[in-house]
Each structure stands twice: as structure tokens, then as C-alpha cells.
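Subject: Structure handover

Hello,

Here is the structure we talked about. My notes on it follow below the file.

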Amino acid sequence: MPSVFEDPEGYMRDFQSRMESMAARASTLNEALEAAAATATSPDGEVSVTVGVGGVLQGLELSPETRKMSAQSLAALIKETYAEAAVAAGQASTGALASVFGEDSEIVHQARSAGPERE
């Protein structure tokens, strides 16, 4: 990279190019993270949960069968299904980071080590 004092025009062109590259990468990352939501459904289909980036609950659907369940059983099933969707959303988010920064980048390594493991 040229020095600002040696080649001010070259320095500015290089700086502008790096800024454009960073903006494009940020846009790609934003789009990938928006698509990183995951949906999980309970084994018998009573509960369906959609979770987005950061564990944000985006959707919860209950089948008519849930009316036959106790409140405690339904709550437990919702929590279990949410946890499954949250793990999948976390993995999708990490995949989004890897698609933008590369599998070997530090941010991807940190995301993989911080994320919950699927049981």
C-alpha cells in the first residue's frame, strides 16, 4: 500500500477500494445472517418453532393437538423444540460467517467455539 505522503492519489484509490470491499462484504454478511433462521418441529408435530440470529424467537405454531396436553408438558415441549431450532440457527449463522470470511477466519473459529453443540 502506498504511503499517503509518497503517493496521495494512490493511497486514496487503495483506501476507497478497501472501503468498497468492506461494504460489499458487510452487505453479503447481512443478507446471509437474515437467511440464517431455523425451524424445528417436535417429533409428533404439535409444536413448530422458528429462531433467528441470536436466538430471537421469530415464530411459534401450535397444532390443535396441544389442547390435549397439560400446561407443563406443552411448556417443556416448546422449550425442547426452541432449543433444537436455536442450535440450528446458530449453526446457520456460523455458516453465514464462514461464507463471507472463510472457514479459517478467527471470527468463524470464535463462533464455532462459543456456539452450543447439538446433542
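Strands here are DSSP runs of E with at least two residues, helices are runs of H or I with at least four, and both are numbered from the N terminus. The model is a predicted one, in which local features need pLDDT of at least 70 and side-chain atom pairs count only at pLDDT 80 or more, whereas totals for chains, interfaces and linings use all residues. Residues are numbered from 1 along each chain as its sequence is written, and side-chain values use heavy atoms, with hydrogens and water left out.

The hairpin

β1 pairs with β2 in the antiparallel sense over four bridges; pairing requires that DSSP finds at least two bridges between two strands. Ala 38 has Val 51 of β2 as its bridge partner. Five residues separate the two strands of this hairpin, and Gly 45 in the turn has a positive phi of about 80 degrees. Gly 45 sits in the loop between β1 (38-41) and β2 (47-51). Because its relative accessibility is 36%, Gly 45 counts as partly exposed (buried is under 20% relative accessible area, exposed over 50%, partly exposed in between, with a 1.4 Å probe and protein chains only). Its C-alpha atom is 8.5 Å from that of Leu 62, 17 residues away along the chain.

The cores

A nonpolar core is a set of buried Ala, Val, Leu, Ile, Met, Phe, Trp, Tyr and Cys residues joined through side-chain atoms within 4.5 Å. The largest one has nine residues, among them Ala 38, Val 51, Leu 74 and Ala 89. β1, β2 and α2 each give two or more residues to this core, and α2 provides the largest share, four residues. Leu 74 is in contact (heavy atoms within 4.5 Å) with Val 47, Leu 62, Thr 66 and Met 69, leaving aside neighbours within four places in sequence. A second, separate core of six residues includes Leu 29, Leu 97, Val 100 and Val 108.

The helix pair

How do α2 and α3 pack? The axes of α2 (residues 71-101) and α3 (residues 106-114) are 9 Å apart, at an angle of about 170 degrees. The two helices are therefore roughly antiparallel (angles over 145 degrees). Axes are lines fitted to C-alpha atoms, for helices over the stretch in contact, and angles run from 0 to 180 degrees between N-to-C directions. On the α2 side the contact is made by Thr 94, Leu 97, Ala 98 and Phe 101, and on the α3 side by Ile 107, Val 108, Ala 111 and Arg 112.

Regards

Definitions and conventions:
Angles under 35 degrees count as roughly parallel, over 145 as roughly antiparallel, 65 to 115 as roughly perpendicular and the rest as oblique.
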